[in-house]
Amino acid sequence: MGKLIIDGGARVSGEIRVQGAKNAVLPILAATVMADGESVIKNCPDLRDVDKTDLVLKRLGCGVNRENGIVTVDTRGMCDCRICEDLMREMRSSIIFLGAIISRCRRAVVSMPGGCPIGLRPIDLHLKALREMGVDIQEEHGYIKCTADVLRGSSIHLDFPSVGATENVMLAAVCAEGITTISNAAREPEIVDLGRFLTDMGAKVQGTGTSVITIEGVDRLHGAEHTIMPDRIVAATYLAASAITGGELCLRGVNPADMRAMLHVLKEMGVKLKCESDKIIQTAPERLKSVHTIRTLPYPGFPTDIQSPFMALTTMAKGTSVFVENIFENRFQHVDELTRMGADIKVEGRSAVVRGVKELQGANVVARELRGGAALVIAALAASGTTTISGTEFIDRGYENIEKYLQSCGAKIRRE
Ligand code: EPZ
């Protein structure tokens, strides 16, 4: 794990092929357990969260082979339906296995996921929807015990377009009896990617990417082959790394159509963008302009996951920018660390007011969660002097070899 050491001031310019999406590969790997057979997942990023998901699959009795970005999952040996506390505490998003295990085994026992540094992360919407589908759920002694003699297709309305709840209902619905509709469903591109994989497994899924998803239950699914979509948050993080250093960056293997809200903000800050079907070329100005107000919202709104990296971007912009974090209740932990580097940020509840400064100074800073850690990397690339970032285990959860990608574009960054 170690530390990242960054000597600021070098332009980040060059070309990066963007990794596969963490938030697509996790639910898709979970979905593999629903078929009694072998699935092959390509463009799988090399992340700590994928390591942990592989471990969950192995604990369930599946065979997992991962090399060169290709994961082969063989579920014929699946012999368990439990996710124990140690694994769930390691990665709370393992809760996404719930719907898949219930679909396959008609029962599941999972440790309560609990919260994480950015918020309480309740799963009430997941459990309410599964109960409406006929799942008997007992919450006791820190575990969620589910049995479903019959999984009924139902009309589910989500009080909030929760990504995880949408995914868990989709996974429970694909082999349920009858038709399930999910209204106020999450519309994220990762949901569309999951829907593609489920369809390739033989499921009947319509409407992903819209607020109403319709699933007609089938008797069984089969293994499938799938290539994971590009990671739009990692792509925007690298655009920010280049923009704050006045660089010119070409991103390949990306889908600009998934990134509209983020690209709009970058243009407002003064970068020049040339977008093609799977490529983005960005040229940054000498100094960025501030952004009037950024509000995080469910897709297609501005993504909460890029809030902290883009806040880092505004710390040296000309003018004042305001961020409003509407999705998670504790997603400003990077502010203290950016302040240590000379940023001028005032937090009031869910809002943060950033007054651009001419210079940041290198400092010793600590990453306390994944995207806040990426924000510190971005700030350090433009700061004067050397920055040491500890807590890289958080960054490695979502960014594959971050120092290698940035080194390849001229950044003075190394891992110790
Ligand atoms: C997914 O988390 C992503 N994680 C998150 O990415 C992302 O920030 C989030 O969606 C929003 O886009 C993965 O896909 C693995 P939610 P998820 O359910 O599904 C509330 C990253 O950095 N809520 O859409 O947990 C919840 O408290 C991570 O890559 C309930 O109240 O997000 C939050 O305020 C961080 N009850 C809001 O909904 C529920 O039952 C959004 O949560 C579920 C959620």
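1. Second largest pocket. In this predicted model, the second largest pocket has 16 lining residues, and those nearest its centre are I244, T245, E286, R287 and M316. The space within the second largest pocket comes to about 270 Å³. Sorted by class, its lining comprises nine nonpolar, three polar and four charged residues.

2. Strands 15, 16 and 17. Strand 17 (residues 279-283) runs antiparallel to strand 15 (residues 248-252), and five bridges join the two. Within this pairing, L251 faces I280 of strand 17. Strand 16 (residues 272-276) is likewise antiparallel to strand 17, again with five bridges. Here E276 is the residue that stands opposite K279 of strand 17.

3. Strand 8 is paired with strand 9 (residues 143-147) in the antiparallel sense, over five bridges. In that pairing Q138 lies opposite K145 of strand 9.

4. Is helix 10 largely enclosed or open? Eight of its eight residues are buried, so helix 10 is largely enclosed by the rest of the structure. The buried residues of helix 10 are Q307, S308, P309, F310, M311, A312, L313 and T314. The loop between strand 18 (293-295) and helix 10 (307-314) contains P300. The peptide bond that joins Y299 to P300 is cis, with omega at about 10°.

5. N43 is not a glycine, yet its phi is positive, at about 60°. This residue is located in the loop between strand 3 (38-42) and helix 2 (48-59). N43 has a relative accessibility of 34% and counts as partly exposed. R121, also a residue other than glycine, has a positive phi near 55°. The loop that holds R121 runs between strand 7 (107-111) and helix 5 (124-132). With a relative accessible area of 24%, R121 is partly exposed.

6. Aromatic pairs. The count of aromatic pairs is two. Y238 belongs to helix 8 (residues 232-243) and Y405 to helix 14 (residues 402-407), so that the pair links distant parts of the chain, 167 residues apart. Y238 and Y405 are both buried.

7. The structure contains 29 salt bridges. One of them brings together the side chains of D49 and K22, at 3.9 Å from N to O. D49 is part of helix 2 and K22 part of helix 1 (residues 22-31), so this pair ties together parts that are 27 residues apart in sequence. Are D49 and K22 buried or exposed? D49 has a relative accessibility of 0% and counts as buried. K22, at 9% relative accessibility, counts as buried too.

8. Salt-bridge network around R66. Which residues are linked in a network of salt bridges? The network consists of D46, D51, D54 and R66. Between D51 and R66 the closest N and O atoms are 2.9 Å apart. This pair links helix 2, which holds D51, with strand 4 (residues 63-67), which holds R66; the two residues are 15 residues apart. D51 is partly exposed, its relative accessible area being 39%. R66 also counts as partly exposed, at 25% relative accessibility. In the salt bridge of D54 with R66, the closest N and O atoms are 2.6 Å apart. Since D54 lies in helix 2 and R66 in strand 4, this pair ties together parts that are 12 residues apart in sequence. D54 counts as buried, with a relative accessibility of 6%.

Conventions:
Residues numbered from 1 in each chain as written. Predicted model: local features only at pLDDT ≥ 70, side-chain atom pairs only at ≥ 80, totals over all residues. Heavy atoms only, no water. Phe/Tyr/Trp six-rings, centres within 6.5 Å; stacked < 30°, edge-to-face > 60°. Helix = DSSP H or I, 4+ residues; strand = E, 2+ residues; numbered from the N terminus. Buried < 20%, exposed > 50% of the residue type's maximum accessible area, 1.4 Å probe, protein only. 1 Å grid on protein atoms, 1.4 Å probe; cavity = no way out; pocket = protein on both sides within 12 Å on 5 of 7 lines; lining within 4 Å. Points joined across faces, edges and corners; volume = space filled by probe spheres on them. Nonpolar A, V, L, I, M, F, W, Y, C, P; charged D, E, K, R; others polar. Pairing = 2+ DSSP bridges. Salt bridge = Lys/Arg side-chain N within 4 Å of Asp/Glu carboxyl O.
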